[in-house]
Amino acid sequence: MNWILVPQQLVNGLMYGGTLALIALGIVLIYKSSEVFNFAYGHMLMLGAFLTWWFAGGARTGNEPISLPLGWAIVAAVLVSVLLGFLIERLALRPMAGQPLLAIVLMTLGLSQIFEGSVNLLFGVTPKGNFPSPFSPSDAYTIPVPPVDGESIVFLDRIQIGHTRLATFVVAVVAAAIFMLFFQYTKIGLAMRATSENHELARSLGIKVPRIFALSWAIAGITATLGGVLLATLSGVSVNLAAVALVAFPAILLGGLESFPGAIIGGLLVGLATEIVKAATVVEVRNSADIAPYVLLLIFLLLRPEGIFGRHRIERI
Amino acid sequence: MAVLRPAGDFDRSYEQDMGIVRQRWQLFLLLGAILLACSAAFWGEARFVFNLNRLAYLIIALQGLNILTGYTGQISLGQAAFMLVGGYASGLLAIHLSLPIYLSIPLAALITGCVGLLFGLPSLRVKGFYLAMATLAAQFIIPWLTRQPRFSTWLGGTKGFIDIPTTFLTVFPLLLLILIAAGIVAYVGWYTQRPQFQWGGLAVFLITGVIYSAWDISLRRTVNIAGLPPTDLFAAGHLKAFITVLTTGVPMRAWIISLRELPTYYLSVSLITLLLSTILTINITRSRLGRALIAIRDNDLAAELLGVNLFQYKLRAFFIAAFLAGVAGALRAHSERGVGTEFGYSLRESILFLGMLVIGGLGTNLGPYLGGAFVIAVEDFALWLGPELALIFPTRSAELQSSFRPIFFGLVLVLFLIFEPRGLAHRWMLLKASWRLRPFAR
C-alpha cells in the first residue's frame, strides 16, 4: 500500500461514489416498482450525456442552430430522456409483463444495443472532449492534512479536491436527497412504494399501476441524464460512459437489491474500492480499478449474497 | 422420450426409436449436407467460407450456453470470456507442448470447464439476476487478467496472442487406417453387445492413438514447418503414395499438409466438432442429466424436493457450458490464428450469444442453429449495408459503418422478444405441423 496517496484516494473515491450512488438509485427505482433489471440504464445515461452535449452546441458543425447554455441544455436533455423513458416502458417493457427474468433482461440488453448504435449514428463514434463544464479541470481546493505523530505511516500533507469532482458530488448528493424525500413524503412516492410492495393490492386501492410504471421510467430517465452529465463532466462524452455506468450494478447488489440507502452505500463503497486500489504498490492491483467493483461483488456474492441492507428471501413452491 | 409422430410413421426397433437420425433419407440428407458444407472452400467465396466456419464454432458455444441458460435457466453473461480461456489454453498447449489440435482442443476445453466451475460456485447461493452479475464479473475479470503486462510473455499482453502454430496436419496413413478400423470394431462391438470386440477394439484404438499422437508431437518438434510447401489433401501424388503404402505396407511416411492455404481444413474440423457437440447436447438433454436440469429450470425448490442435487447439477451445467465454450474458443483461436481481447470476446459478444439463443429458441436443440445463422445473416447484412450507405453519404461514413450492427441486432432481438418469444425453433415446429396436416387444418 502506498500510504502517502491514501487520503487523497479516499476523497476521490467518495466523490466518484456519490455519482455512482445516484446512478444506482435510478436502477433500484425501476427494479422496485416494476421488477425490471434495467441493463439499458448505462446507455440511457450515455444518451443523456450526448443529448446535453448536443443541445449545448458541442457538435459545432454549423448545421445545428441549437446552442443553449449548460443549464437549459440539461433541461432539454432531461425532457427528451423522460419522453424516451415513457416510450421504452410503453413499447418495449409493457408487452413483456409476466415474462420470465431472462426475457426482460434480454429486452433491456437489446434496447441497449439499439441505443449504442443510434448514438454512434447520430453523434459519431469519436469520443468528445469538449463537454461544456463550468469548471476548468485544474481548479482545486487544497486541504492540509495534519501530520500523524509517532506513526510509521506517512501521508501526503494535503488533499486536492477538484472543483469538478466536488460539484459532481454535491449535485449527486442533492439529487439523491430530493429523490429520497420525494419517495418518502409525496403522495406519488407513496403510491410508488405501494406498487413495489404488491401490484395487485396497489391496484385494488385505486393506484393506477401502469401509470406508476411509466412514471418510474420517466424518473429513471431524469436520474440517468443527471448521472450522465456528472460522469461526462469528469471524463468527457463517449460511448464508454455506458460501460462506466455498468459499475452501478455491483453497487446495487452490494447494497441489497431493494433498498435505496443500500444503493447509496453500495455506490460509495464501489467508488472507494475503485479509487483505493490505485494507491496500491503492486502494479497489477493498481491496474485493477476497472475490475475492483466486480471482485468486490464476487466476494459479497459468496459471503452475503443478499447485500448489506437486503432482505433474505423466503421462497415457497 | 416419446415424441408424438403422425400415423403411419412406424419404428421397427428400439434403436430406430431412440436414434437421432431415424430414417434413411435423413441420413443421406445429413451426409449430403456435411459434404456440401465441408467442400464449401472449393466452391464458395472466401467470406462465405469464413462465415460458415464462424457459424460452426458459434453454434458450439451457443449449444453450451443453451444447456446452461435454456435448459437449466441460469443466465450467463460470460460465455465470450470462457471462449477466451479456451482459445488461450489451446494456443499455449499448441505452442509450448507442440500438441496437435486433436489433443489441444479437448485439453483446453477441460481447462475452460474447470474455470467455468470456479465461476459457477456462487450459483449455489444465488440465482437469477445475482448469478447474471457473477458471470458478468467473469466477463470483466478474465479479459482483464489476459491483458496484464506480467503475463505478456505468455499471453501477448493487450495486442493479443498471435502466431498459433498449428498450421499443419500430419497424416500417417497406416496408423490412421488402424485407428479407424479399431474404432469401427469397438463401436460395432458395443452396438451388438460383444464385449471382446468392444474392449479389444477400444484397446487397439487407444494404443494406436497414443503412438500416433506421440509420433505427431515428435514430428512437430523436429520438422521446420515454415519451410514446407503447401500440400493438397486430394493431390494425385499423395493418392499414389497412399496406394503404395496400402499395397507394400512398408513406408509409413507422414504427409504433412500445410493448412495456411487450406481453409477447407479448418472448416472441416469445425464442422466435425459441431457434429460431435450436437450429438453430445442432444444426448445430454434427453437423458437423466437433461431432465434434472429442466427440473431445476422449471422450479428449483421442487426439483430439490424430488431429489435433484441442486449444487451438483448446476455445477455440471456450468461445466458443460464452459467446456463447449472452450471448444468453440479453441476452434476460433486456431482458425483466426490468434486470440486476445483485440479479437473481440467482449461483453457485447456475450450479449450476442444470449440474443442468438432467444432468437433461435431457448431450450431447444434446433435453437442454436437457427439463431446463430439468423443473427450472422443479419450482421452480415449490416456489414454490407454500412459501407454501401457510406458510399452515398461520404461525410458520415465512420458512423454509418459501425452503427448498423448493434441497431439491427437490438431491433431483431426486441421484435423477437415481443412477437415470437419462443424463437425460430417454435415457428419451425408450427410450420412442420401445418405441413403434415395439409390440406386439412392450419
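Start in chain B by selecting helix α4 (residues 46-71) and helix α17 (residues 367-392), which pack with their axes 8 Å apart at an angle of about 130 degrees. Helices here are DSSP runs of H or I with at least four residues, strands are runs of E with at least two, and both are numbered from the N terminus. Axes are lines fitted to C-alpha atoms, for helices over the stretch in contact, and angles run from 0 to 180 degrees between N-to-C directions. α4(B) and α17(B) are therefore oblique to each other; angles under 35 degrees would count as roughly parallel, over 145 as roughly antiparallel, 65 to 115 as roughly perpendicular, and the rest are oblique. The crossing of this pair is right-handed, a term for a near helix turned clockwise from the far one by less than a right angle, with anticlockwise being left-handed.

A word on the model: it is predicted, local features need pLDDT of at least 70, side-chain atom pairs count only at pLDDT 80 or more, and totals for chains, interfaces and linings use all residues. Residues are numbered from 1 along each chain as its sequence is written, and chains are lettered from A and ligands numbered from 1 in the order in which they are written.

Now show side chains at this packing site. Residues of α4(B), including B:Leu55, B:Leu58 and B:Leu62, meet residues of α17(B), including B:Gly371, B:Gly372 and B:Ile376. Residues are in contact if their C-beta atoms, placed from the backbone, lie within 7 Å.

Stay in chain B and select B:Tyr345, in the loop between β4 (338-339) and α16 (347-360). Its phi is near 60 degrees, a positive value in a residue other than glycine. Is B:Tyr345 buried or exposed? B:Tyr345 counts as buried because it has 28 C-beta neighbours inside 10 Å; the cut-off for buried is 20 or more other C-beta atoms within 10 Å, exposed is 12 or fewer, and partly exposed is in between, with C-beta atoms placed from the backbone.

Next, pick B:Gln193, in the loop between α9 (173-191) and α10 (195-222) of chain B. B:Gln193 also has a positive phi, of about 55 degrees, although it is not a glycine. B:Gln193 is exposed, with 8 other C-beta atoms within 10 Å.

Move to chain A, which has 13 helices and two strands. Buried residues make up 49% of its 317 residues. In α11(A), 15 of the 17 residues are buried.

Then select A:Phe39, in the loop between α1 (6-34) and α2 (41-55) of chain A. A:Phe39 counts as buried, with 25 C-beta neighbours inside 10 Å. Leaving aside neighbours within four places in sequence, A:Phe39 is in contact with A:Val105, A:Thr108, A:Leu109 and A:Ser112.

For the last stop, show both chains: their contact takes 39 residues from chain A and 39 residues from chain B. On the side of chain A that touches chain B, the largest share, 16 residues, comes from α4(A).

Conventions. Contact = placed C-beta atoms within 7 Å.
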